[in-house]
Amino acid sequence: MTLMSSRTQSKPSNLTEAETELGFNLPSRRDEAWKWTDVRGAVHATARGLTRAGRPKFLLPDDLTVEEIIRDDLETDTPMAALARNFGDKVWEINVPDNYKGVIPVEIDGFESGHVRIRLILGKGATLSLIENHSGENGFSNIDVTIILKSGATLDRVIMHGDGDTQTRTLTTHVTQWGGSVFNQHTLSFGGALARLETRIAGMSKAIKSHVHGAYLLSGKRHTDMTSYIDLTAPDAVIRQSVKGVVTDTARGVFQGKFHVRRPAQHTDAEMRHDALMLSDRAEIRSKPELEIYADDVACAHGNTLGALDEQALFYMQQRGIPKDEARRLLTEAFVVDVFDDMKDEVLRESMRTKIRTWLEVNG
Amino acid sequence: MLKINNLTATVDAGRKTILDGLSLEVPAGEVHAIMGPNGAGKSTLSYVLTGREGYDVTKGSVDYLGEDLLDMDPEERAAKGLFLSFQYPLEIPGVPTMTFLKTALNAQRKARGEDDMGAPEFLKKSKAVAAELKMKADMLKRPLNVGFSGGEKKRMEIYQMMMLAPKFLIMDETDSGLDVDALRVVADGVNALRSPDRGMLVITHYQRLLDYIVPDKVHVLAGGKIAATGEADFAKTLEKEGYDAYV
Ligand SMILES: Nc1ncnc2c1ncn2[C@@H]1O[C@H](COP(=O)(O)OP(=O)(O)OP(=O)(O)O)[C@@H](O)[C@H]1O
Ligand SMILES: [Mg+2]
């Protein structure tokens, strides 16, 4: 009997109420790529925006515009992209002309709930910075972002994420990089009921550069999943990835990173790091760093650590008069912030630091 | 100023007794040296006095300026002026030396009910001390002790000591790892702090340091106790004859 019922349970056709509404199977523990982030279990039929298009708000410099385009084709085969197509109504598209020099950043927010498709194309030699704010409550947000960087283009992207603990969010970004383009991404996440922030990069031509950094700080029962897949098909790519995690209470952090270096991608120089700090022993970290390398002349490395604060360093600080709680906060802040060290925008970097500090005041 | 009475302390969850009925008194204004064989418990004494976890006092008492020292948290002891120059200073990754020290100084001041020291005053003081210790300015910008050489770490301990201006100083082998010039600079710094209301405990293996910082008393720590005490020149005898007579 038990066996029978568990089998029917695992049948994809056995839809949850939310899945019935969507007419679609949400990713769940049974899918290898989602084994630690069970969207199916987290999305309720009553979630705001479950079957609706979201309404992002764009703050643009005068010389850029957003077009609303109806299109049905998909550029990827990820499940959440298909869902965004089914319910997102349209694509919000920004075309940045060749050699555009972005002085004022593009800011996007309003990702409170619903399905959204965004497309950002940077023309040859264009530079731009993009700031996104993702936050919401009692809802489901499924954001699908396509970014195309033509040769020599540079994009600096900052993602700020902090949801209420009743919000489920998937943010999937598909980046296509052409020759000599540069993609810098810094993500700061304070989690939500369940959040997956996924970045997929395809290096299509020579000498691309990508920095894919991030930090998550999670308390309560919050969950953030930072997943990335970087697929290199051409020589001379330089990839840097450093993700730092801090978890307390019974929160859960997930890091999955994969570098896929195909045979033509000779002289790839790629480094992946994930370092996590457990402030409580009931918190959880799951990580899966992967290198899949077919080119023979490359320098690829990865590192993954999981630890607690150094008691000896804490005592040293106390001996100098710093109370233990403050010593903890200082060490934790120092541990996290270095992933933002290479941000060019100082004001933005300082605001990330302030957010981290505020979090530590409450949870550290 | 500091009165240690019949102190017994264990490590390794009580399995190992290191200090075994140690008594020692350092009056204000005096400098006492502690010498003794490796593993005698000199560093252990410094940790017990500063309140490090894992060093358990099972007997005895320590009176510091009329208060029960053992009853206080480490940071409380620091705010009351107790300073330890570590035998092996710790590296504090990601925290610039200046940030660290300013936080420490103002935490101590806050605990004593004093106002924060403002940035300009702090910087001015820091510059003066750094110059006195012949320290490179970039050392103060780097994360505390990270990648510093052994000698640089020791010098950084003295810099912190001079910035915090503590009342009671414990120096645990501050001289080891220092070259002759650095030793002189550090000793000058320490001597400048000597005053009628300050006490010092200087742990060392070498007479050399005591040529510069002349102690009022020299003690031998062996067998978990103060096994012998003498005047300044006692250090010379010990260096010549070793500790055979005391172990
Ligand atoms: N946490 C600990 N666990 C187990 N043993 C310890 C611990 N701390 C110290 N000990 C032991 O206690 C003894 C005293 O050590 P301590 O460091 O105090 O010696 P010391 O006199 O400072 O020696 P040195 O001159 O080499 O610096 C040593 O045998 C040491 O191994
Ligand atoms: Mg020692």
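**Notes on the cavities**

1. A cavity here is a set of points on a 1 Å grid over the protein atoms alone where a 1.4 Å probe fits but cannot get out, and lining residues have an atom within 4 Å of a point.

2. Before going on, please note that this is a predicted model, in which local features need pLDDT of at least 70, side-chain atom pairs count only at pLDDT 80 or more, and totals for chains, interfaces and linings use all residues. Residues are numbered from 1 along each chain as its sequence is written, chains are lettered from A and ligands numbered from 1 in the order in which they are written, and side-chain values use heavy atoms, leaving out hydrogens and water.

3. The volume of this second largest cavity is about 100 Å³, a volume being the space filled by probe spheres set on the grid points, which are joined across faces, edges and corners. Its lining divides into 4 nonpolar, 3 polar and 6 charged residues.

4. The largest cavity has a volume of about 130 Å³. Of its 18 lining residues, A:Gln185, A:Thr187, A:Leu197, A:Thr199 and A:Met226 are the closest to its centre. By class, the lining of the largest cavity has 7 nonpolar, 9 polar and 2 charged residues. In both tallies, Ala, Val, Leu, Ile, Met, Phe, Trp, Tyr, Cys and Pro count as nonpolar, Asp, Glu, Lys and Arg as charged, and the others, Gly among them, as polar.

5. How many cavities of 30 Å³ or more are there? The count comes to 3.

Technical notes
On a 1 Å grid over the protein atoms alone, a cavity is a set of points where a 1.4 Å probe fits but cannot get out, and a pocket is an open set with protein on both sides within 12 Å along at least five of seven lines; lining residues have an atom within 4 Å of a point.
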